[in-house]
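Student: Hi! I've just opened this one and could use a hand finding my way around. Could we go through it together?
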Amino acid sequence: MSGTAVKNTAIDPENTIAFMGVEGANADLACRQACPYMQTLGVPSFEDVFEAVAQGKAALGMIPIENSQAGRVAEIHQLLPKTNLHIVGEYFQHIEHCLLAPKGATLSTVKEVYSHPQGLLQCREHIRELKLNAHTYSNTAAAAADVAQWNDKAKAAIASPLVAELYGLTVLKEHMQDSDDNVTVFIMIARQPADPDPNTRVLTTLLYTVRNLPAALYKSLGGFATNNVNILKLESYIPPGTARDSAQFFLTFEGHPGQQPVKNALEELEFYCEKVTVLGIYPADKARFA
C-alpha cells in the first residue's frame, strides 16, 4: 500500500503515527506507506516515539528493528524490555539512498558526506569508491536539511529521493546503497495489543530469560522443533548494568499462542525460563513470505 500521510494543522492523536526523525526520513516514508491515512509525527529519539504512544500523543509508533545489510538496530533492544506497549504489526520498507548536495555541486566537488549511521553502513562501498569522509547524524533527513542550509558544494548527505524535493537538493548519485536488496524491517507499537486471526500469517515476539541450568537455552527451544513451530529470529541481549550471564533473549516465531502446537512449544519454553514476556502477537507483513 502506498500513499501520502494526511497533513493537518490540528493533530488528532488517535489518527497519528510517531517516528524518530524529521519529515522525509525513511521512518516517515514507512509511516506514509504503511498507514497512508494517518498523520505523521516526527520526534527526536526512539525514546520519544515510545513516550508519544504511551502518553496518548500518538496511536501508533513506527520503529526500525533491523536492516538486511546493516543488521539490527541495537537501541531498540534496550527500549522494548522497559515498555508496557505492544507490537501490533510489522512493515518491510525497501530503502533507496541517494547522494544529495546543494545546487552547483558535483561528484568532484563533494568531499564530506553526512547521514545516519545505518545509512552510512548501507552505502559504505560507494562512499569508499567516491573517497568521501563520512560523518554520522541523528537521521538521514536532518543531515540533508543541514546540508541544504550550509549550501557548501563540498558537503553532501545520504538520504531518500523525497528529501531532495523537500530541501531543494540535487541528486548527484542514485542507488547509493551497496545492495538493491536493501530492506528495513519496522515494527509498529501501540498501547493496546493486536488481536489477529489465528488462521492468518501471525507472528509472536517474546522476551525471556532462561534458568541457570546446563543447556537451558538449547532445551528451551526444543519444543519449537518437536511441534514444528517456525522460529524466525532469536537474538540475545544483556541489559546494561547486569552480569554478562544474565542474558535476555528476543524470540520471534510464526504462529499464534492460541494454536495447539504453539501452546505446546511455549509450555516447554516456560519450564526452562525464569520469565517470559509476550511483546506482541501481530499480523506478518506480506513481504516476509513473498
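Student: Let's start with charged side chains. Which side chain does R32 meet in a salt bridge?
Tutor: That would be E23: the side chains of R32 and E23 meet in a salt bridge, at 3.3 Å from N to O. Keep in mind that this is a predicted model.

Student: Is R32 buried or exposed?
Tutor: R32 counts as buried, with a relative accessibility of 10%. E23, by contrast, counts as partly exposed, at 39%.

Student: And how many salt bridges does the structure hold?
Tutor: Six. One of them is between E14 and R191, whose side chains meet at 3.0 Å, N to O. E14 sits in the segment before β1, while R191 is in the loop between β11 and β12, so this pair ties together parts that are 177 residues apart in sequence.

Student: Nice. How accessible are E14 and R191?
Tutor: E14 is exposed, with a relative accessible area of 53%. R191 is partly exposed, at 26%.

Student: What does E254 form a salt bridge with?
Tutor: With R201, and the closest N and O atoms are 2.6 Å apart. This pair links distant parts of the chain: E254 belongs to strand β14 and R201 to the loop between β11 and β12, 53 residues apart. R201 counts as partly exposed, at 44% relative accessibility.

Student: In what sense does β3 pair with β1?
Tutor: In the parallel sense, over three bridges; β1 covers residues 16–20. To spot the pairing, find F19, whose bridge partner in β3 is M62.

Student: And in what sense does β3 pair with β11?
Tutor: In the antiparallel sense, over six bridges, with β11 running through residues 183–190. Here you can look for I63, which has I187 as its bridge partner in β11.

Student: Last topic: what pLDDT does the chain average?
Tutor: The average is 89, and 92% of the residues score at least 70.

Student: Where does pLDDT stay under 50?
Tutor: Over residues 1–8, for which the model has 23 contacts beyond four places in sequence. Where pLDDT is low, the predicted coordinates should not be read in detail.

How values were computed
Residues numbered from 1 in each chain as written. Predicted model: local features only at pLDDT ≥ 70, side-chain atom pairs only at ≥ 80, totals over all residues. Heavy atoms only, no water. Pairing = 2+ DSSP bridges. Helix = DSSP H or I, 4+ residues; strand = E, 2+ residues; numbered from the N terminus. pLDDT = per-residue confidence, 0-100. Contact = heavy atoms within 4.5 Å. Salt bridge = Lys/Arg side-chain N within 4 Å of Asp/Glu carboxyl O. Buried < 20%, exposed > 50% of the residue type's maximum accessible area, 1.4 Å probe, protein only.
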